[in-house]
Amino acid sequence: MSTFLGPIRQLGYVVDDIEAGMTYWSETMGVGPWFYNPQVPIEDYRFDGESHQPHNSVALANSGPMQVELIQCRNDVPSMYRDYIQKGLRGLQHVAFWTRDYDADLQMMLDRGFTVKMSGCVGQNGRFAYFAEEHHPGTCIELSEVLGPKGTMFDMIRDASEGWDGSDPVRPFPDLSKL
C-alpha cells in the first residue's frame, strides 16, 4: 500500500481493440462484468495546460477490490494514452489512487514534486489528474476523485463483480447524472 495515497485501486490498460480486450479479460481471466462506455463524457479536459476534446472508449470491471480499466483512443487528441501508443506500447499505462479529499491529495503530490500532465472531470466531483513523472511503462500515477457519481458507479461495478457467474459480460455505463 502506498504510504502517500492509500492502496492502488485501479490498473489502467491502453488497448487497440477494447471489445477484444473485454472478451479476453472475461473469458480467459474470468474478470467481469464489464461496464462499457464508447465515449467517456470528459469535461474540462486539459493536456499540458491546453484544452482538447478527447474521444476515449473505456471499460471497467473489478477483480476483488482491484478495478481494471481498458482504454481505447478513438481520436488523435493529445493525451498520455496517445503518447503511450506512439511509443509502441500497449498494456498497463497507469495505476490510480482514489481520493475523497482531492484538493489536499493533489496539493500533497505537487508539494512532492509531481507535475500534472493530463486532467479533467467525469461527472460531478469526479476530477482526475495524471502526473507526468513516469520512470518506466505502467508507472504513471492517476489521482481520481470518487466523491460524486463516479464513486457510486465504482462501488456498483465492484458489487456486480462479486459472485459474477459469467453472464451478461458487457453492460452499458450507468448514466452518471442519475447516480
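Reader: W25 and W34, buried or exposed?

Author: Both W25 and W34 are buried, where buried means under 20% relative accessible area, exposed over 50% and partly exposed in between, with a 1.4 Å probe and protein chains only. Note that this is a predicted model, in which local features need pLDDT of at least 70 and side-chain atom pairs count only at pLDDT 80 or more, while totals for chains, interfaces and linings use all residues. Residues are numbered from 1 along each chain as its sequence is written, and side-chain values use heavy atoms, with hydrogens and water left out.

Reader: Why is the pair of W25 and W34 edge-to-face?

Author: The ring centres of W25 and W34 are 6.3 Å apart and the planes are at 70 degrees, so the pair counts as edge-to-face. The rule takes rings of Phe, Tyr and Trp (its six-membered ring) with centres within 6.5 Å; planes under 30 degrees apart are stacked, over 60 edge-to-face and the rest tilted.

Reader: Which residues form one aromatic cluster with W25?

Author: Y13 and W34 are in that cluster with W25.

Reader: How many aromatic pairs in the structure?

Author: There are 6. One of them is F128 with Y130, edge-to-face at 5.9 Å centre to centre and 90 degrees between the planes. F128 is buried at 6% relative accessible area, and Y130 is buried at 2%.

Reader: Cores next. How many residues has the largest nonpolar core?

Author: That core has 27 residues, and those with the most contacts inside it are L60, Y81, M118, Y130 and M153. A nonpolar core here is a set of buried Ala, Val, Leu, Ile, Met, Phe, Trp, Tyr and Cys residues joined through side-chain atoms within 4.5 Å.

Reader: And which elements each supply at least two residues of this core?

Author: The strands are β3 (43–47), β5 (56–63), β6 (66–73), β7 (91–99) and β9 (127–131), and the helices are α2 (80–86) and α4 (149–161). Helices (H or I, at least four residues) and strands (E, at least two) are DSSP runs numbered from the N terminus. Apart from this core lies another, of 11 residues, among them V15, W25, A61 and V68.

Reader: What does M153 touch?

Author: M153 touches L60, F173, P174, L176 and L179, leaving aside residues up to four places away in sequence. Contact means heavy atoms within 4.5 Å.

Reader: Changing topic. How many cavities of 30 Å³ or more?

Author: The structure holds 1, and the volume of the largest cavity is about 260 Å³. A cavity is a set of points on a 1 Å grid over the protein atoms alone where a 1.4 Å probe fits but cannot get out, and lining residues have an atom within 4 Å of a point.

Reader: What about the backbone? Which peptide bond is cis?

Author: The bond from G32 to P33 is cis, with omega near 0 degrees. P33 is in the loop between α1 (18–27) and β2 (34–37).

Reader: What is the phi of N125?

Author: N125 has a positive phi of about 55 degrees although it is not a glycine. The residue is in the loop between β8 (116–121) and β9. D168, also not a glycine, has a positive phi of about 45 degrees, and its loop runs between α4 and β11 (170–172).

Terms used: 1 Å grid on protein atoms, 1.4 Å probe; cavity = no way out; pocket = protein on both sides within 12 Å on 5 of 7 lines; lining within 4 Å. Points joined across faces, edges and corners; volume = space filled by probe spheres on them.
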